[in-house]
Amino acid sequence: MANTQRSTPRFSPSDATVVFILGGPGSGKGTQSTNLVCDYGFIHLSAGDLLRAEQVREGSQYGDLIRTYIREGKIVPMEITVALLSNAMADALAAGAGGGEGRKARFLIDGFPRKLDQAVFFEDTVCPSELTLFLDCPEDVMEERLLKRGETSGRDDDNAESIRKRFRTFVDTSMPVVQAFRDQNKVVSVLATGSVDDVYARIQEGFKARGVHPQ
């Protein structure tokens, strides 16, 4: 993991635009990420998906370690998660992400950073972020959505008790991330209630105000 310890970030904001998408469980991150990929040309990187894929990737240097942490209910060290995100960005850039014509590659990072130290470590070693899209959704709305999803999702954590614990964790650990970026004037905060289209229209307005346009 020593290769993640860099004195300067691996990528410059002139190479890539990084946008974090944060919000409580059930705020609609996955749904809105799909819209943003489609219209804005973002490459969607999910920290959770990368960790799950790495567990089963043949020859992975991190696979056994990730499996052990998850089996024991522990959080995977941020150095591993950041290394996976960094390598996924490098792969996308090597494959010509960005579409040419001087357009920078755009990365939408979902489910990360969950804590302030993760945000600092990512920006110091991988790439400073451009913006954080914060989906601001009341707890009762998120709970209703997740309970409905739980009827068909089969996910163990889509039940009332787990949902409330996840919400508390989000407030305690992830809201300081949102506040820190807000202090840097790097947050687009969107009310995530109403229909999917309603929320997406607010996101588009917020992005337009920051000079982020569809590709």
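The model is predicted, so local features need pLDDT of at least 70, side-chain atom pairs count only at pLDDT 80 or more, and totals for chains, interfaces and linings use all residues. Residues are numbered from 1 along each chain as its sequence is written, and side-chain values use heavy atoms, with hydrogens and water left out.

An unreviewed UniProt entry lists Gly26, Ser27, Gly28, Lys29, Gly30, Thr31, Arg149 and Gly194 under "binding site". The lining of the largest pocket takes in Gly26, Ser27, Gly28, Lys29, Gly30, Thr31, Arg149 and Gly194 from this set. A pocket here is an open set of points on a 1 Å grid over the protein atoms alone, where a 1.4 Å probe fits, with protein on both sides within 12 Å along at least five of seven lines; lining residues have an atom within 4 Å of a point. UniProt positions are given in the numbering used here, feature names are shortened, and annotations may be inferred rather than shown by experiment.

Gly26 is found in the loop between strand E1 (16-23) and helix H1 (29-40). Helices (H or I, at least four residues) and strands (E, at least two) are DSSP runs, numbered from the N terminus. Gly26 counts as buried because its relative accessibility is 17%; buried means under 20% relative accessible area, exposed over 50%, and partly exposed in between (1.4 Å probe, protein chains only). Not counting residues up to four places away in sequence, Gly26 touches Met142, Arg145 and Leu146, where contact means heavy atoms within 4.5 Å. Arg149 has its place in helix H6 (residues 139-153) and, at 33% relative accessibility, counts as partly exposed. Beyond its neighbours within four places in sequence, Arg149 is in contact with Arg155, Asp158 and Arg166.

A further "binding site" feature from an unreviewed UniProt entry is placed at Arg52, Lys74, Ile75, Val76, Gly111, Phe112, Pro113, Arg114, Gln118, Arg155 and Arg166. These positions span 115 residues in sequence and the farthest two C-alpha atoms are 26.0 Å apart, so they do not all gather at one spot. From this set, the lining of the largest pocket takes in Arg52, Lys74, Ile75, Val76, Gly111, Phe112, Arg114, Gln118, Arg155 and Arg166. Ile75 lies in the loop between helix H3 (63-71) and H4 and counts as exposed at 65% relative accessibility.

Gln118, by its place, belongs to helix H5, and its 8% relative accessibility makes it buried. Setting aside neighbours within four places in sequence, Gln118 is in contact with Met78, Phe112 and Pro113. The buried residues of H5 (residues 116-125) include Phe121 and Phe122. Their cover includes E1, H4, strand E3 (105-110) and helix H7 (160-183).

H4 (residues 78-94) also packs with helix H2 (residues 47-56) at an angle of about 95°, the axes being 10 Å apart. Axes are lines fitted to C-alpha atoms, for helices over the stretch in contact, and angles run from 0 to 180 degrees between N-to-C directions. H2 and H4 are therefore roughly perpendicular to each other, a term for angles of 65 to 115 degrees. In this contact, Ala47, Leu50, Leu51 and Glu54 of H2 meet Ile80, Thr81, Leu84, Leu85 and Ala88 of H4.

How values were computed. Angles under 35 degrees count as roughly parallel, over 145 as roughly antiparallel, 65 to 115 as roughly perpendicular and the rest as oblique.
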